[in-house]
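Let's take a walk through a protein model together. Keep the sequence and the 3D view open beside you, and find each part as we come to it.

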Amino acid sequence: MESIYYVLSWACHRKCKHCYDDRFRPYVRDALESVVVEGEQAYARIIANLPERMTYRDLDARNAQGEPEEKIGRIVLSGGDVLVDPVRTRILYPAMEAITRKYRDQGGVRIIVQTTGDLVTPEILDDLLARGMWMISISGMDDYHVGLEGDKKLPLVAHLKDLFARRGIRKSGYHAPVMGWADEEGPVYDMFGANGEEWIGALWPRGRSWLNGLSKATFSDNFCNGWSGGLHFLDHGHAGSEVSIEPNGDVYPCCLKSASPLGNLQQEAWWIFSIALPGIRRSRPSIWAIPNAWAYHLVGIPKHSMKNPCAKTRRGKFRAIYVLAAMLSIARF
Ligand code: SF4
């Protein structure tokens, strides 16, 4: 697997109007304990059921024998914000330790901690580095995060850069989705934020972004054909293979998410998803365009109410589309 996007908890210290899921928000007292316990009780079983190795073959990079190079995959640990108390101490830290243990002698793994940026402290950075963090991804540097609009974010950016420099955390020289960006040695950092062209433009036609009318996505954007969407998610073992996991272990083919998960990693081991359809290789854009259109026609998605076919597709129907896509993939090779 090249990449796993694992949401550890719904808890966040913010309630941004552009957020892609309305479950990401502040919780207090019993409600906070409830969302923390959900992630806390699930992470060990989820990690135990992840692939035995987090490596993949890059078909665009060949070794001397002409075979695809084996590269180290990534697990992105995200929220909400994984640095809020007590998510950080009760879920993030033990999850990082479990992931490091699992892959230490199995080819390794690159752990990315994604966080807004304003909760980072020197002590927390030291804790993250001690637990094997490869990259810290600062994702809140935009005008949609209250208090960070325009130039207001500049003092925080300068503060973070200073903290990183003092610990030898270098700026990543590449940016996703540029291939090869994950080949760097860590620790590294990256900073980004939402903008109308990218993160809340065609992406995120859901959650508060959708409810607040901020998403500009149309059906023709075909999220299934994007790197954070369904593109290559079936391509187990090769570059581009990526899935998204929720705090309770539900697995989705993309960050936009289908109405129902493909399965649950507390109950099912990874092989359910990885070898259930042997022989599948590159799920190409052209392949995904077909089930996308089929989903529209077969399931009857109201074009103007939800511009993502999977989001209105029920489990059985989605799986049927999944299998059809697989058959088409196989037929092409
Ligand atoms: S955009 Fe990020 S910081 Fe804002 S509510 Fe969503 S998860 Fe939290």
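**A guided walk through the model**

By class, the shell around the ligand holds four nonpolar, four polar and three charged residues. Here Ala, Val, Leu, Ile, Met, Phe, Trp, Tyr, Cys and Pro count as nonpolar, Asp, Glu, Lys and Arg as charged, and the others, Gly among them, as polar. The residues around the ligand are C12, R14, K15, C16, C19, F24, G79, G80, D81, T116 and G140; a residue belongs to this group if its C-beta atom, placed from the backbone, lies within 6 Å of the molecule.

Before going on, a word about what you are looking at. This is a predicted model, in which local features need pLDDT of at least 70 and side-chain atom pairs count only at pLDDT 80 or more, while totals for chains, interfaces and linings use all residues. Residues are numbered from 1 along each chain as its sequence is written.

Now for the whole chain. Its secondary structure comes to eight helices and eleven strands. Both kinds of element are DSSP runs numbered from the N terminus: helices are H or I with at least four residues, and strands are E with at least two. Of the 333 residues in the chain, 43% are buried. Buried means that 20 or more other C-beta atoms lie within 10 Å of the residue's own; with 12 or fewer the residue is exposed, and in between it is partly exposed, the C-beta atoms being placed from the backbone. Among contacts between residues at least 6 apart in sequence, 68% join residues at least 24 apart. Two residues are in contact if their C-beta atoms, placed from the backbone, lie within 7 Å.

Next, find helix α2, residues 87–103. Its 17 residues reach 23 Å from the first C-alpha to the last, close to the 24 Å expected at 1.5 Å a residue; the expected span is 1.5 Å times one less than the number of residues. Which residues of α2 are buried? They are V87, R88, I91, L92, A95, M96, I99 and Y103. Seen down the axis of α2, these buried residues fall within an arc of 120°, so they line one face of the helix. The arc is that of the directions from the helix axis to the C-beta atoms. On the other side of α2, T89 and R101 are exposed. What covers the buried residues of α2 includes α1 (29–48), β4 (74–78) and β5 (110–115).

In soluble globular proteins, nonpolar side chains tend to be buried together. A nonpolar core is a set of buried Ala, Val, Leu, Ile, Met, Phe, Trp, Tyr and Cys residues joined through C-beta atoms within 7 Å. The largest one in this model has 63 residues, of which L8, L77, A95, I111 and I245 touch the most other members. The largest share of this core, seven residues, comes from α2. Leaving aside neighbours within four places in sequence, A95 is in contact with L8, Y43, I47 and L77.

Let's move on to helix α4, residues 154–166. α4 has 13 residues and reaches 18 Å from its first C-alpha to its last, close to the 18 Å expected at 1.5 Å a residue. Its buried residues are L156, L160 and F164. They cover an arc of only 70° around the axis, which puts them on the same side of α4. These buried residues pack against β6 and β8 (188–191). On the other side of α4, L154, P155, A158, D162, A165 and R166 are exposed. Just after α4, G168 takes a positive phi of about 70°.

The loop between β6 (133–138) and α4 is the place of S139. S139 has 19 C-beta neighbours inside 10 Å and therefore counts as partly exposed. Although S139 and F192 are 53 residues apart along the chain, their C-alpha atoms are separated by 5.0 Å. Not counting residues up to four places away in sequence, S139 touches Q114, T115, T116, F192 and G193.

Finally, look at some backbone details. The peptide bond from G79 to G80 is cis, with omega near 20°, and G80 lies in the loop between β4 and α2. G80 is also one of the residues around the ligand. The bond from G186 to P187 is cis too, with omega near 0°. R29, found in helix α1, has a positive phi of about 45° although it is not a glycine. R29 counts as exposed because it has 7 C-beta neighbours inside 10 Å.
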